[in-house]
Structure formats: structure tokens, C-alpha cells
Amino acid sequence: MHTNNFCIGVVTFFPNESTIYNLTKLLKSNIDIIIVDNTPNSNKKIFSSLNLKNNFELINNRKNIGLSYAIKQLLDKAVQKGFGSLLYLDQDTLLKVSEISFRKTLIKINNNFYTNNYAVQYLLPFTLTQK
């Protein structure tokens with residue numbers, strides 16, 4: 001069962017130790033994270049320290065399928081896992097606030113989407129096929 005109705009999605013491409021550090025900080029916020037790795041011939045070794053977390057899932061494409069399709073994979077997985085929304089972050093995004101403050105802010109933003117009328121809300125689910 002999820003503690004939030006939203007999750008974070010990140011697409012990686014040749015992630016390095018800095019990327020893993022950024023993801024580790026995000027995981028500490030106790031928000032579910034879905035990662036799509038577009039690195040050709042990736043062996044998932046760099047992600048091994050993250051696999052200990054319950055709120056983490058990795059989709060390893062083992063090739064560069066493109067950013068737009070990788071984001072589609074994030075959206076599909078978020079729907080499959082029962083989330084109502086997904087926040088997409090770049091692999092280089094670094095939290096400069098405390099993990100708890102970040103989580104509280106995301107909860108507040110997510111709750112506002114359900115109570116206010118926004119021009120753009122959710123695009124989930126939709127169908128897209130890869131050529």
C-alpha cells in the first residue's frame with residue numbers, strides 16, 4: 001500500500017555516482033521512485049545500493065529507447081502501481097532542502113491538483129506504441 005497517491009519518475013542515461021547520490025536523497029523522502037535506465041548494455045550494478053529500498057523500482061531497457069518513450073514507461077508503471085500522478089525529475093536533480101520538507105511540499109502540491117481547477121491536470125492513462 002502506498003502512503004502517497006503520487007510517485008517520482010526518473011529516466012537515466014549513463015548514470016554516475018552523483019546520480020546515485022541524488023536518487024539516494026530522493027529515496028530518503030519516503031516517496032516511491034520509478035527509474036527507467038536507457039543506458040545501452042547496462043548491467044544494473046550502479047543501482048545495487050538502491051535495491052535495498054522498498055520504495056524503488058528499476059526498469060532496465062539495456063538500450064537508449066529515447067526520452068519520450070522512457071517517460072511513457074514511467075507513466076505506465078505509475079498507473080500499474082495505482083498512483084494518481086507522477087512527478088518527473090531529471091537524473092541530475094539534487095534536493096537542496098530536507099527530505100521531509102520536500103515530501104511535505106509534494107503532498108501539498110498533489111492535494112491541490114485534486115481540489116483546484118488546473119488547465120492541465122493528468123494525462124493518465126493513455127496509449128502509445130513504440131515503432
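The questions and answers below concern a predicted model of a protein chain.

Reader: In what pattern do the helices and strands of the protein chain follow one another along the sequence?
Author: The predicted model has three helices and four strands in its protein chain.

Reader: Among contacts in the protein chain with a separation of 6 or more, what percentage comes from residues 24 or more positions apart?
Author: The protein chain has 131 residues, and buried residues make up 40% of them. Of the contacts with a separation of 6 or more, the share that comes from residues 24 or more positions apart is 73%.

Reader: Which side chain makes a polar contact with the side chain of aspartate 37?
Author: Aspartate 37 belongs to strand β2, which covers residues 33–37. Aspartate 37 is buried and yet has no salt bridge, since a salt bridge requires the nitrogen and the carboxyl oxygen to be within 4 Å, whereas the nearest side chain of opposite charge, arginine 62, is 8.3 Å away. Beyond four places in sequence, the residues touched by aspartate 37 include Phe13, Pro15, Phe47, Asn61 and Arg62. The polar contact, at 2.8 Å, is with the side chain of threonine 12.

Reader: Is threonine 39 buried or exposed, and what is its relative accessible area?
Author: Threonine 39 lies in the loop between β2 and β3, and residues up to four places away in sequence aside, it touches Thr12, Phe13, Phe14, Pro15, Arg62 and Lys63. Buried means under 20% relative accessible area. Threonine 39 therefore counts as buried, with a relative accessible area of 7%.

Reader: How far is the backbone nitrogen of phenylalanine 14 from a polar atom of the side chain of threonine 39?
Author: Phenylalanine 14 is among the residues that threonine 39 touches. The backbone nitrogen of phenylalanine 14 and a polar atom of the threonine 39 side chain are separated by 2.7 Å.

Reader: What angle lies between the planes of the aromatic pair formed by phenylalanine 13 and phenylalanine 14?
Author: A search of the whole structure finds one aromatic pair. That pair is formed by phenylalanine 13 and phenylalanine 14, with 4.8 Å from centre to centre. Phenylalanine 13 counts as partly exposed, because its relative accessibility is 38%. The pair is edge-to-face, and the angle between its planes is 80°.

Reader: Which residues are linked in a network of salt bridges?
Author: The count of salt bridges comes to three. In one of them, lysine 77 pairs with glutamate 57, the closest N and O atoms being 3.1 Å apart, and this pair links distant parts of the chain, with lysine 77 in helix α2 (residues 67–80) and glutamate 57 in strand β3 (residues 56–60). Glutamate 57 also forms a salt bridge with lysine 81, at 2.9 Å between the closest N and O atoms, and lysine 81 lies in the loop between α2 and β4, 24 residues apart from glutamate 57. The network consists of Glu57, Lys77 and Lys81.

Reader: Why are aspartate 76 and lysine 72 separated by about one helical turn, and in which helix do they lie?
Author: The side chains of aspartate 76 and lysine 72 meet in a salt bridge of 2.4 Å, N to O. Aspartate 76 counts as partly exposed at 35% relative accessibility, whereas lysine 72 counts as buried at 4%. An α-helix has 3.6 residues a turn, so residues three or four places apart point the same way. The separation is about one helical turn because the two residues are four residues apart in helix α2.

Reader: At the start of α1, a side-chain oxygen of asparagine 16 reaches to the backbone nitrogen of which residue?
Author: Helix α1 spans residues 17–27, and its buried residues include Ile20, Leu23, Leu26 and Leu27. At the start of α1, the side-chain oxygen of asparagine 16 comes to within 3.0 Å of the backbone nitrogen of serine 18.

Technical notes
Residues are numbered from 1 along each chain as its sequence is written. This is a predicted model: local features need pLDDT of at least 70, side-chain atom pairs count only at pLDDT 80 or more; totals for chains, interfaces and linings use all residues. Side-chain values use heavy atoms; hydrogens and water are left out. Rings of Phe, Tyr and Trp (its six-membered ring) pair if their centres lie within 6.5 Å; planes under 30 degrees apart count as stacked, over 60 as edge-to-face and the rest as tilted. Buried means under 20% relative accessible area, exposed over 50%, partly exposed in between (1.4 Å probe, protein chains only). Contact means heavy atoms within 4.5 Å. Lys and Arg count as positive and Asp and Glu as negative; His and the chain ends are not counted. A polar contact is a pair of N or O atoms within 3.5 Å; within protein, one must be able to donate a hydrogen and the other to accept it, and residues adjacent in sequence count only if both atoms are side-chain atoms.
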